[in-house]
Amino acid sequence: MRDIKFLTKNFGKYDTSSIDSYLSIGGFDALKKAVTMEPTAISDLIASVKVKGRGGAEYDMGRKWSQARDVKGDNKLLICNADEGETTTFKDRELIKNDPFNLLEAMIIGAYVVGAVEGFIYMRGEYACYRPLLLDAMRQCREKGFLGKNILGKGFDFDIKLYSGAGAYVCGEGTALIRSIEGKAGRPRMKPPFIKVSGAFARPTCLNNVESFSIVPHLLLDEKGEYASCGSGNSIGTKMVSVAGNVNRPGVFEIPFGTTVREIIYDLAGGVQHNHGIRLIQFGGASGKIADASILDTPYTYEALRGAGVMVGSGGILVIDERTSVLDFLRMNQDFFSEESCGQCTPCREGNLHIKIILDKMAEGKATEEDLRVMEKIARVMSMSSLCGLGETAQNTLMSAMRVFPEVFQAGGAR
Amino acid sequence: MLAAMTKEYPLSQELREKIDRILDAHERDYTQIVNILMEVQDLNEKHYVPEPVAYYLAKKLEIPVARIFDCITFYGQLSEKPRAKYPIQVCNSPSCRVNAVNTVQMLEILEDLLDIKLGETTYDGRFTIETTSCYGACDRAPAVRINGKVYDHLDSREKIEALLRSLQ
Amino acid sequence: MTETKANEQMVHLTINNIPVEVPKGTKVMQAAAKIGIDIPHLCYHEDQRAKARCRLCSVEVTGKRRLLAACSTEVWEGMEVHTDTPIVRDTQVAILQLMLANHNQDCLNCARNQNCDLQRLCSRFNILHSNLPNVVKPEPRISTNPSIVRDPSKCIRCGRCVRACKDVQGIEALTYAGRSSDIIVTTAFKKPMETTDCVLCGQCSLVCPTGAIVEKDDTDAVLDALQDPKKHVIVQVAPSVRVALGDAFGMEPGEIVTGQMVTALRLLGFDKVFDTNFGADLTIMEEGSEFLSRLQNGGVLPMITSCSPGWVNFMEKRFGDFTKHLSSAKSPMSMFGAIAKTYYPEKAGIDVKDIVTVSIMPCTAKKYEASRPEMGRNGIPDVDIVLTTRELIKLIKYVGITFKQLPESDFDSPLGTGSGAAAIFGVTGGVMEAALRTVYEKFTGKTLPKLEFEDVRGFKGIKEAEVDLGTRKVKVAIVHTLKNARVVMEQVQKGESPYDFIEIMACPGGCIGGGGQPIGTTNEIRKKRIEALYQLDKSLPLRKSHENPDIITLYKDFLGEPLSEKAHELLHTHYHKVAPLYEFD
């Protein structure tokens, strides 16, 4: 495994409370370089290394920025989604905590590229303790002229406002996040209108995840092409992964794409507690899919994981050892969605409720074949017809479990 | 019938001034309502947004009180009902729960020390034990969150006891 | 949307392999309707922005991984839509099953039995009962005010009521609260509706697809009164009821059913069937005179009409410091009631204590108006019982009257004569037009050259007109829905109102679109009812309130002059600011 620090390069290298400290390690060099470039050259650069939206949607980021630039409007918004609510996912927390100025610098570059006049950071309520850090960093940027009017004398204006959530997983969904920013309960709305055309306050909006943003300044300064040298195919560069569950050293790791799952779990995260065997691994948080230990030698890339029936998603990797049964794990996962569904569309609101009832019946050994059939049908209806991505993916885990562990789904079969 | 139930001023001058300061810090921007509510809620020892406070905010921010109520009931960290002074929140998501040895044991110790079960409040109204969705401290388990602060690596009875003693 | 304009860009698609051509921007649901396919839906309502929440209208579109909501998906060139594939059917049935499992299925005990969208759709898909365990949370009905009853156990969280309250009325008394399976529709802090910003207009009850929000049912009280031999029960019917009632009996929207309605009321057993139009003419006499008096004596202007009780509630709650702008004249219903409890018993030789006055109204807020202590004297209310159009429908069905076949008959006298001016009270702009007909002739002493005031007609939210009274021009505005009322009231609040006289109706289209009208009332139907009332006006020989012979007699025999002491005592009222639940200085 190559030891490469790219996104985590600045971690521990400067005093996060001081812009001078950041400047002393070359902070804002990327922005200074960016404003000498054509905005389209920057989005092309991002596209050339195939950066996929790191929040989980995997949308081509370079394309997103060039589309956002093409949208007409003189009051465009740039929003940073810092609402990482997926379970087993805390990589954005580390990026905010250890390198706040890089994130702000990235957003300023983003504003320059897409032509945004205002930026919002929407951070989950759980990270409220980092508000002072970000607010102070923003204040210092303003003092130094990196935010505000006529940035770097290049005649573009941009400022950032910080919004906080208050404990709602669904607010990570773009339209829900926007509703929350508008001062409402964060329930998703239908699309269209699409966010890029009519986002927060009906303004054209470009929305990216913390990790996606954070890549940009490093990429601009990567003259040797180190980033592009990692990975292959559509999986270029590095990825932040959060590993937790029954591992010895849970944490956030930056890995080059192509690192195997085994290397991540055993080398980086210290292996499974007490050397237990692995029951299952959930990739991408509560809305992710699961695999058994046969996935260990699969390289961590978008393509290979998909081939193995799972997805990168949020970058979370939850390792469950043999002490927990598949069914118990599914019930824990279901509790999450039973709590976090926004409740507005029928399949997700009612479907989660009934799937929980049937999983509980399974645990009691009382589930009938009809129950199992109904459960599968509800899961499919949820994924096919829910209003937003939450409902669509809420039963990913269950549906992949049905595929990987068919023996669990027997009538009366509690195990 | 349509008439009001109360005409007295239900908020003390002192509380109103505190709320006004929070509103001013957010430039009386109604779009910041979620964050305003988070801060206003903590003015109350029981960490909730009482009804008259919501009406006061609605008036000051010129938004319908129904929208504020929607927010209070929608966001997990906000409450319209009084809570304990120290609501002890234990993560209910798989990444913590699969660490049964740690998390379940921590819960048992908490229940034992406080002499309450999950979902109950101590007789003096100081502590409740409640569950919550993942708050992104999966790598710091076993952990609890109390009034927004995460207390991590609570892997012994002594550490948990010391934590409870520190909360006065 | 179905009309094809010459310059409109057309889009071609197929639905179940049938080619369809529709204008660009059309939604799949309307495109399907064009070829005769009714895609099931619950949260969708044709007068509201699409919500796409219930997901019942999910359809398959070739090339799309997931199903799309027909209510909100625009058609595109070459689109292939399928509404009847196994996955679509499975989804629709599953969604209905899921809804049903969380719905109080006490259908026989429901105001909306046989008139419920959920019931109708379950029947269509042959769903007899849910195959899922029942998960309804037992919650009591909330019946704390005279107008509206809520039954949370019937709510399917479609959000139509929330939209009506917010988008039509701009009130936002109703809201979603909570999330996941705990999400509910409620008021702030679950307070009784009447103590919130709610004005009891009932527009929520008109769009609710189930029985979660209904009018308070007073039909039993009427049946009891009708059965009591000691009671002399008289009924008055609002102008807008006669063009809406037929909807429930298989007649065309907007059909004028005055004659059948009167016959039906007689069959129900009312001793006398009178017309609120008589009260409306009386209102014009008083309100018109009040306006002239304000105009000539420097009174408070603009004067604003006060016939719409939802509007009056709004004024008292939201603009309580400006109630002096409201006309002190009571509404036609209450004026009628006052006369029915004073002049009428005198003339008919009946003890007032034995008289029960019932009014049939298009309105839920009228129930509240009737309960106001100021609407009556010596403990005797002007109006004893108010029924909505919907409750009258229920009574007619209950008694087994075959409405459509009924012969026509006329209102009783003397309180049964109304002018055309009174008939159009049911329409936005109608009160203004009626008043102008009288005000013009009284002020100028001349006969109006043309009775129709076209500028005050139409469905526009805020209309303006200027009327030349010779020595003075009068600027008027006509407003419907409270969202629009707020706009003109904010001008009044700032002292910037350019008007002398404003008509405000709480409900869209005026009373013909009231919150007590038949379920299924839409803006298209509202427009048909508006046409019908103008038609009615045109067909009447008597078209000015001040020429109503029974009104002239009433003044001669009983009241004296408009605004006389007696008229003030009986026909005028006062309004007061209603303090909010919490007041802060």
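How much area is buried between chain B and chain A, and what part of it do carbon and sulfur atoms give? In this predicted model, for which local features need pLDDT of at least 70, side-chain atom pairs count only at pLDDT 80 or more, and totals for chains, interfaces and linings use all residues, that area is about 3,100 Å², with 52% given by carbon and sulfur atoms. Buried area here is the accessible area, taken with a 1.4 Å probe, that two parts lose on being put together, summed over both. The size of an interface is often given in this way, as the accessible area lost when the parts come together. Residues are numbered from 1 along each chain as its sequence is written, chains are lettered from A and ligands numbered from 1 in the order in which they are written, and side-chain values use heavy atoms, with hydrogens and water left out.

Contact, defined as heavy atoms within 4.5 Å, joins 34 residues of chain B to 49 residues of chain A. Across this interface there are four salt bridges, a salt bridge being a side-chain nitrogen of Lys or Arg within 4 Å of a carboxyl oxygen of Asp or Glu. Side chains of opposite charge can pair when their charged atoms come close. A salt bridge is formed by A:Arg93 and B:Asp139, whose closest N and O atoms are 2.7 Å apart. Polar contacts, which are pairs of N or O atoms within 3.5 Å (within protein, one must be able to donate a hydrogen and the other to accept it, and residues adjacent in sequence count only if both atoms are side-chain atoms), link 20 residue pairs between chain B and chain A, both residues being at pLDDT 80 or more. On the side of chain B that touches chain A, helix 2 (33-41), helix 4 (65-74) and helix 5 (94-97) of chain B each supply at least two residues. Helices (H or I, at least four residues) and strands (E, at least two) are DSSP runs, numbered from the N terminus. By class, that side of chain B holds 15 nonpolar, twelve polar and seven charged residues, where Ala, Val, Leu, Ile, Met, Phe, Trp, Tyr, Cys and Pro count as nonpolar, Asp, Glu, Lys and Arg as charged, and the others, Gly among them, as polar.

Chain B itself has seven helices and four strands, which run α-α-α-α-β-α-α-β-β-β-α from the N terminus on. Its C-alpha trace spans about 55 × 30 × 30 Å along the principal axes, and 59% of the 168 residues of chain B count as buried, buried meaning under 20% relative accessible area, exposed over 50% and partly exposed in between (1.4 Å probe, protein chains only). Within chain B, the side chains of B:Asp152 and B:Arg140 meet in a salt bridge with an N to O distance of 2.9 Å. This pair links distant parts of the chain, twelve residues apart, with B:Asp152 in the loop between strand 4 (149-151) and helix 7 (157-166) and B:Arg140 in the loop between strand 2 (127-132) and strand 3 (144-146). Both partners are partly exposed, B:Asp152 at 28% relative accessibility and B:Arg140 at 23%.

The interface of chain C and chain A takes 33 residues from chain C and 35 residues from chain A, and about 2,900 Å² is buried there, 54% of it on carbon and sulfur atoms. C:Arg66, C:Leu98 and C:Arg179 supply 24% of the area that chain C buries against chain A, more than any other three residues. Six salt bridges cross this interface, and one of the salt bridges in the model joins the side chains of A:Glu392 and C:Arg65 at 2.9 Å, N to O. Polar contacts are found across the interface of chain C and chain A for 17 residue pairs, both residues being at pLDDT 80 or more. Helix 2 (86-101) and strand 7 (175-177) of chain C each supply at least two residues of the side that touches chain A, and helix 2 of chain C gives the most, with eight residues.

In chain A, helix 9 (residues 210-220) is mostly covered, as eleven of its eleven residues are buried, including A:Phe213, A:Pro217 and A:His218. At the start of this helix, a side-chain oxygen of A:Asn209 reaches to within 2.8 Å of the backbone nitrogen of A:Glu211.
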